[in-house]
Amino acid sequence: MAFVQLNNISLNFGERKIVDNISLNISSDSKMALSGGNGSGKSTLMKIIAEINPPDSGEIIKDKSSRVAYLPQSGIVLSGKSLIEDTEGAFDYMIPVIEEKNRIEQMLSTVNEATDGTDSMLEKLHELQEAIDNSGYYARRESAAIILNGLGFSSEDLEKTTTEFSGGWQMRIALTRVLLSNPDIMLLDEPTNYLDLEARNWLEGYLSTYKGGFIIVSHDRYFLDSTVNEVAELFSSKIKIYKGNYSSYEKKRELELEQLVKDYKRQQEEIAKTEDFINRFRYQATKAKQVQSRIKALDKIERIELPENMKKIAFHFPPPPHSGKQVLKIEDLSKAYGEHKVINNLDLQLEAGEKLVIAGRNGAGKSTLMRIIAGIDKDYTGNIIYGSGIAAGYFSQDVDNALTPNVTVLEEIESSAPTHLVPEVRGMLGAFLFRGDDIYKSTNVLSGGERNRLSLLKLLLHPSNLLLLDEPTNHLDLQSKDVLLEALKEYSGTLVFVSHDRYFIENLATKVIEIENGKHRLFPGNYEYYLWRKEQEAEGILEDSNTKRNKEPEQLDVSEAKLSHQEEKRIKNRIRKLEREEEEVLVKAEKIEEEIQLLNKKMQDPDVYSSAKKADEVQKSIAEKEALHGSLLEKWEKIEQEKEELTQ
Ligand SMILES: Nc1ncnc2c1ncn2[C@@H]1O[C@H](COP(=O)(O)OP(=O)(O)OP(=O)(O)O)[C@@H](O)[C@H]1O
Ligand SMILES: [Mg+2]
């Protein structure tokens, strides 16, 4: 069986221990997650396993015939070939085998059949032929097309050169190559970062039936839950294995941490008491013996240390500068890349405090729309109008390019901070977990999460009342994601964002716009409503409002018949009544949303989730509330529909 075995591996960066004497086995049976906070050393360890960077000490034993393929977290380098050619390159490892086969065929064609050795040559030929067949070499184009399609590429993309694709898409190309080469063991460092929900689901399916082994880094718990059966955690430079899926690891982990904190507190109290005793009685001759023995005991205590990684980032967005009610007006916006239209006649208005999520598949044009709103992409038709007093802050999806290369963390922040904040930047860096010597690190060596944190901090240096965030949670560990979510929930300015993190969207968006194939739709409700509405449409229960709009002319014909004055009055009254009902329904729905949120929070309480009975009860009431919520939204939908019909 193929395997990679790490024995007593250690690696330091300067003073800092990244991995300390760890051992780990990965085989072609492994379905393993590598977890740990941002900057804990996961990518560094993956590079060691992939034998890209050597450790300071220890050994790596690998079965010679094992094929290991590695997807790095960043820094993909692609050839300038077409997409299909590049991905087919995953089979390059078969070229020597094919050459060998051709050589033998050549030899066979020249030797005399009766001559000795033909048999063994034929046997070898057969063997090679079988190896080529089994590798899927002859069907490589079809296999490449299947994987590319699963990861969201269109058939028109196949002939484009790989360098034309944006960073996120280049990662997918690299991922396609890794999957296509069908290795015994895959090392995947955050493959989910740039994938939308669809591609992520596809990859989930692919991995769940994958014959070989893999070790995967991801901060997506849903994804990990359905792909791995053990979790290796890198924590304080040590590895610990937890059997079971990701959720069960998280639960065990949380209990362990709680215990650790408890023990730590108890020990701190103990130490404080002993020190107190020593200080109080150190000059009393009668107590000299007891004081001495306590000093000794204090020396002997093995002190519990709280790991550095437990410290959370802490920040709030600065209060947004005052602005008018109208924040953003988009008028008749259209944008095309050559023939390819991504946005068509978009009209949109945002009022202060709204939180709009741009939904849609990868490549639909979400980042394009963001760049246009941010004023970076100026190649469009239509108008983008900021309200008076609007100051926008933009976070680009491409964190790799958002930082100045080869400067220190401190220099990067000092150079972008307004003068009055310069004296405070060290404190701010500390809140973003750049402590001690960390601030002298070069931007080149930062981990994915660290880069993201630094870019976020840059954004905070200039107070804004319109935040434009393109995938702000990419690379962030779960803790940091939560902190960002809380900070954004608290933020009273206006927000436009793109995210593939469902939890994040659900908890933040008050409005949804979906862009798809050059079309767009606005959903005047939160993300739950959007999903519900899409589901209803998919099942044919409700009509897609786009289709409905197309039907409008017909309906207008009917309404051309003049309404009598009385009829008009009746309609007005009915509309007023509907509006009142609507208001009531929405207030109720909002209340239930809050209740559901509270219940969900309760589920995270160890007291609840560790008791099957309590957890069950909470789950049950969540389900009841969700059903109620669904029926309220349904009611709202009906009211909306009737209102719409009446006003036509
Ligand atoms: N060449 C280097 N020199 C000094 N420090 C480095 C170097 N490379 C990485 N580091 C530091 O080592 C730590 C571990 O980095 P690594 O990229 O392995 O983290 P990670 O666990 O993958 O984090 P993330 O979840 O953010 O991707 C980070 O603090 C990083 O800044
Ligand atoms: Mg990493």
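What volume does the second largest pocket have?

Guide: The model is a predicted one, and in it the second largest pocket has a volume of about 1100 Å³. Its lining is made up of 37 residues, and those closest to the centre of the pocket are W169, N362, G363, A364 and G365. Sorted by class, the lining of this pocket holds 15 polar, 13 charged and nine nonpolar residues. Three elements each supply at least two residues of that lining: the helices α6 (167–180) and α11 (366–374), and the strand β11 (340–351). As for its place in the chain's fold, the second largest pocket lies between domain 1 (3–248) and domain 3 (326–538), because both domains give residues to its lining.

Helix α6 also takes part in another space. A search of the whole structure finds two cavities of 30 Å³ or more, and α6 gives the most to the lining of the largest cavity, with four residues. About 50 Å³ of space lies in that cavity. Its lining consists of L71, G168, M171, R172, L175, E190, P191, N193, Y194 and L195; by class, six are nonpolar, two polar and two charged.

The second largest cavity has a volume of about 40 Å³. F317, P318, L459, L460, H462, P463, S464 and L467 line this cavity, and they divide into six nonpolar and two polar residues, with no charged ones.

Note on methods: Residues numbered from 1 in each chain as written. Chains lettered and ligands numbered in written order. Predicted model: local features only at pLDDT ≥ 70, side-chain atom pairs only at ≥ 80, totals over all residues. Heavy atoms only, no water. 1 Å grid on protein atoms, 1.4 Å probe; cavity = no way out; pocket = protein on both sides within 12 Å on 5 of 7 lines; lining within 4 Å. Points joined across faces, edges and corners; volume = space filled by probe spheres on them. Nonpolar A, V, L, I, M, F, W, Y, C, P; charged D, E, K, R; others polar. Domains from an automatic or database assignment.
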